[in-house]
Amino acid sequence: GLIGTVVLSRILHPRKLSGPDIKFVRRAVCLKQKDFAKKIEMSVEHLSRCENDVHVLPPSSEKLLRIFSFKTTLKLPHMKPSPVREK
């Protein structure tokens, strides 16, 4: 659906992820902060600070976030690609 498309378009865009972007992506893949932090190898506290724009997400963590979110978004059952219509 729409949420999956928005997530994919944001994580594939090269612009640095802002705090609200990070929070949106995390919620879109249906994970709590502690689970998401574990997936991208950072502490819950640091993730929280990044989501609130107190800290900047380190480049290595941002790369993991983008890869994990991309793979997860494609696997979610409600985010299946729509069938191609033939003319």
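Mentor: Let us start with helix H1 (residues 2-12) and helix H2 (residues 19-28), whose axes come within 10 Å and cross at roughly 135°. Axes are lines fitted to C-alpha atoms, for helices over the stretch in contact, and angles run from 0 to 180 degrees between N-to-C directions.

Trainee: What makes H1 oblique to H2?
Mentor: Angles under 35 degrees count as roughly parallel, over 145 as roughly antiparallel, 65 to 115 as roughly perpendicular and the rest as oblique. The angle is roughly 135°, so H1 is oblique to H2. This is a predicted model, in which local features need pLDDT of at least 70 and side-chain atom pairs count only at pLDDT 80 or more, while totals for chains, interfaces and linings use all residues. Residues are numbered from 1 along each chain as its sequence is written, and side-chain values use heavy atoms, with hydrogens and water left out.

Trainee: At what angle do H1 and H5 pack, and why is H1 called roughly antiparallel to H5?
Mentor: H1 and H5 pack at about 155°, with axes 10 Å apart. That angle makes H1 roughly antiparallel to H5.

Trainee: Why is isoleucine 3 called partly exposed?
Mentor: Buried means under 20% relative accessible area, exposed over 50%, and partly exposed in between (1.4 Å probe, protein chains only). Isoleucine 3 has 43%, so it is partly exposed. This residue lies in helix H1.

Trainee: How do you know that cysteine 30 counts as exposed?
Mentor: Its relative accessibility is 57%, so cysteine 30 counts as exposed. Cysteine 30 sits in the loop between H2 and helix H3 (33-39).

Trainee: How many helices and strands does the chain have?
Mentor: Five helices and zero strands; helices (H or I, at least four residues) and strands (E, at least two) are DSSP runs, numbered from the N terminus.
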